[in-house]
Amino acid sequence: MKRVGVFVCHCGTNIASVVDVKGVAEAARSFPGVVYATDYQYMCSDPGQELIRKAIKEHRLDRVVVASCSPRLHEPTFRRTCASAGVNPYLFEMANIREQCAWVHAKDKEGATRKAVDLVRAAVAKVCRNVPLSPGTISITKRALVIGAGIAGMQAALDIADAGYKVVLLDREPTIGGNMVKLDKTFPTLDCSA
Amino acid sequence: MVAAAQHPNIELMTYAEVENVAGYVGNFEVTIRKKARSVDPTKCTGCGTCWEKCPTKVDSEFDLGLGKRKAIYLPFPQAVPAVPVIDREHCRQFTRGRCGVCQKVCPAKAIDYDQQDEIVTEKFGAIVVATGYELFKWEEVYGEYGYGKYPDVITGMHFERLNNASGPTGGKIVRPSDGKEPKTVVFIKCVGSRDEAKGKSYCSRACCMYTAKHAHQVLEKIPGAQAIVFYMDIRTPGKAYEEFLQRTVHEGAVYVRGRVSRVFQEGDKLIVRGEDTLLGRQVEVAADMVVLATAMVPSSGWEGVAKMLGLQTDKDDFFQEAHPKLRPVETFTAGVFLAGACQGPKDIPDTVSQASAAAVKVCQLFTQDELATDPMIATVDESICAGCAMCEKVCPYKAISMKTITERVAGKQVARRVASVNGGLCQGCGACSVACPSSAMNLKGFTNEQILAEVDAVCL
Amino acid sequence: MPVAAEAKGWEPKIVAFCCHWCAYAGADLAGLNRLQYPANVRVIRVPCSGRVNPQFVLRAFQRGADGVLVAG
């Protein structure tokens with residue numbers, strides 16, 4: 001039997017002012033596989049992550065769903081949280097109830113809450129079918145290519161080179177320098193640009 | 001600039017363009033076209049005899065047409081490397097098949113008319129994109145400023161060239177039309193920026209400050225000169241920026257809040273007609289020169305770079321960072337980072353900071369010896385793979401190949417072909433799993449079962 | 001759907017398959033910019049629009065979705 005924990009984030013008032021977060025957690029408790037569900041102000045904060053770790057231990061959770069912001073933002077964060085509590089980081093899913101729910105349905109609190117519940121249900125359904133995965137490894141060529149040799153390219157190349165790595169600084173023009181070398185003195189210090 | 005050229009860890013590849021990027025983070029294979037300079041850099045001493053003697057003069061791109069260069073040229077005297085190139089479009093040796101002056105006069109025998117473009121493929125672990133900006137082409141849309149037909153209506157960049165000690169006028173601010181020193185210079189801000197009707201909606205960020213600098217330079221270099229700045233808003237949110245602006249104002253620069261409705265020639269003068277919205281009335285200035293603060297737009301060729309590196313662009317074609325606040329130099333392509341104005345309009349302090357940030361990200365990557373790969377990649381169930389190779393055909397990353405396995409069937413060794421996934425190349429798009437007629441191919445982390453379960457859950 | 005029910009404010013149920021790298025990022029961007037849209041869309045994140053098997057679309061209709069959007 002799967003043992004899923006669902007953690008609903010308020011994101012301060014970002015989510016909680018639109019979505020009924022307690023209602024979402026309550027609804028989640030009835031989903032198949034869910035043995036624990038709760039809500040908290042900032043799930044990504046230290047205490048928030050600690051809350052997840054504690055719940056994993058206390059309720060012997062083997063899968064985790066966090067309903068909060070976009071996975072494009074905090075998926076790596078919560079995967080690490082899971083890993084640190086002994087749950088394979090790929091037995092984790094996120095429900096995006098901030099960017100794709102609270103923030104875009106600010107005037108439709110009921111609709112947003114219904115949607116949040118559906119998104120959590122989908123995440124739970126998915127996580128129940130997740131299997132543990134482990135990353136492979138690849139080697140790294142420790143040499144950088146910088147495309148464009150204006151101010152940005154030269155500065156980046158110098159910094160990387162100063163750290164001891166080889167850099168190729170490439171430019172389509174016959175010279176390095178970019179737009180910068182066309183400039184006269186530069187603000188606010190009026191020193192020369194070369 | 002010289003620091004970059006002399007650094008033992010930096011190899012310069014100028015007059016070169018990236019043609020193709022293959023591979024992935026830590027293991028990019030980049031094909032580079034080194035364009036033919038027609039000059040052997042190992043022999044050239046940069047003495048300058050060739051461009052002194054070259055008989056062909058053309059407008060200098062570097063000086064934005066304000067000065068001339070030869071067909072064999074250095075863009076500017078302090079160019080790095082100090083190796084000239086032959087502009088084959090204008091060089092008589094190439095256009096008419098005879099001349100050969102530079103070859104004759106070169107004491108180092110460095111001129112090579114037969115040099116070909118060289119294509120090299122090099123390995124890199126990380127790529128920093130710093131392709132920069134160019135200026136909005138105001139001549140195409142701003143009829144009220146004369147569509148570029150008045151030679152004394154110039155951009156801030158032209159003004160920089162006029163003002164630069166190594167520029168076409170040796171640093172003298174003069175009118176391009178007649179070489180006279182202008183007494184009244186009008187600056188118009190937000191040309192192409194903050195103008196949704198004709199240009200871009202964004203604020204170009206650096207213009208308020210460089211216009212303040214230009215006004216200061218007019219007042220400093222030309223005795224008795226007048227600098228009049230037409231502005232919509234003045235934005236100086238940087239350290240010591242507001243103080244700089246106030247200094248320019250105290251030096252006598254006149255700031256007029258309002259848009260210019262028309263610039264037209266009347267005799268020797270450019271009449272600038274606009275509105276002072278603070279006084280609520282029309283103003284007219286008889287100017288000698290008009291300088292437009294044009295918006296920064298992405299450097300031409302951004303489409304090719306975006307395509308090769310898989311970069312996303314924003315609505316104005318600047319490269320999109322992975323997150324506007326939290327991942328400002330990363331892109332969605334692992335191992336590719338952004339620096340400078342290719343990500344959005346920026347002034348020099350911001351560009352330098354961002355470039356250093358990008359460098360740190362590269363170093364962060366390089367401090368590791370091995371990189372963990374995303375396990376959410378395609379996987380084959382060999383037991384049901386029919387070896388049809390449909391997946392191999394659809395894979396955009398060339399990550400699937402066919403291999404032969406042997407197995408015991410009814411006591412006999414039987415060999416058959418099945419698909420095999422290269423974990424380093426697979427980007428986890430899952431196209432193979434859709435193409436697979438027998439469902440042998442699946443995508444870890446986004447399996448058919450997982451996605452169907454989600455569909456069921458949201459449709460409840 | 002009968003006309004009477006429509007009059008009572010019936011709204012379609014829409015399932016959207018969004019590519020993680022573009023359409024899903026776009027939906028996130030809509031959030032960052034607080035663009036408002038109706039709450040009857042359910043987004044399913046896929047790693048690429050090429051990952052969307054026609055079977056997924058049919059399944060959504062089978063389960064009662066009124067519209068399916070594949071964006072990528």
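Predicted model: local features only at pLDDT ≥ 70, side-chain atom pairs only at ≥ 80, totals over all residues.
View 1. Chain A brings 66 residues to the contact, and chain B brings 102 residues. Together the two chains bury about 7,300 Å². Carbon and sulfur atoms carry 64% of that area.

View 2. The side chains of A:Lys142 and B:Asp369 meet at 2.9 Å, N to O. The interface of chain A and chain B holds three salt bridges by the rule used. The rule for polar contact finds 44 residue pairs across this interface, both residues at pLDDT 80 or more.

**View 3. Elements of chain A on the side that touches chain B.** Helices α3 (71–84), α5 (109–127) and α6 (151–162) of chain A are among the elements that each supply at least two residues. So are strands β5 (137–139), β6 (143–147) and β7 (166–171) of chain A. The largest share, twelve residues, comes from α6(A). By class, this side of chain A has 35 nonpolar, 14 polar and 17 charged residues.

**View 4. Strand pairing between β6(A) and β9(B).** Strand β9 of chain B spans residues 126–129. β6(A) and β9(B) run parallel, joined by four bridges. Within this pairing, A:Val146 has B:Val128 as its bridge partner.

Conventions
Residues numbered from 1 in each chain as written. Chains lettered and ligands numbered in written order. Heavy atoms only, no water. Contact = heavy atoms within 4.5 Å. Buried area = accessible area lost by both parts, 1.4 Å probe. Salt bridge = Lys/Arg side-chain N within 4 Å of Asp/Glu carboxyl O. Polar contact = N/O pair within 3.5 Å; in protein donor to acceptor, adjacent residues only side chain to side chain. Nonpolar A, V, L, I, M, F, W, Y, C, P; charged D, E, K, R; others polar. Pairing = 2+ DSSP bridges.
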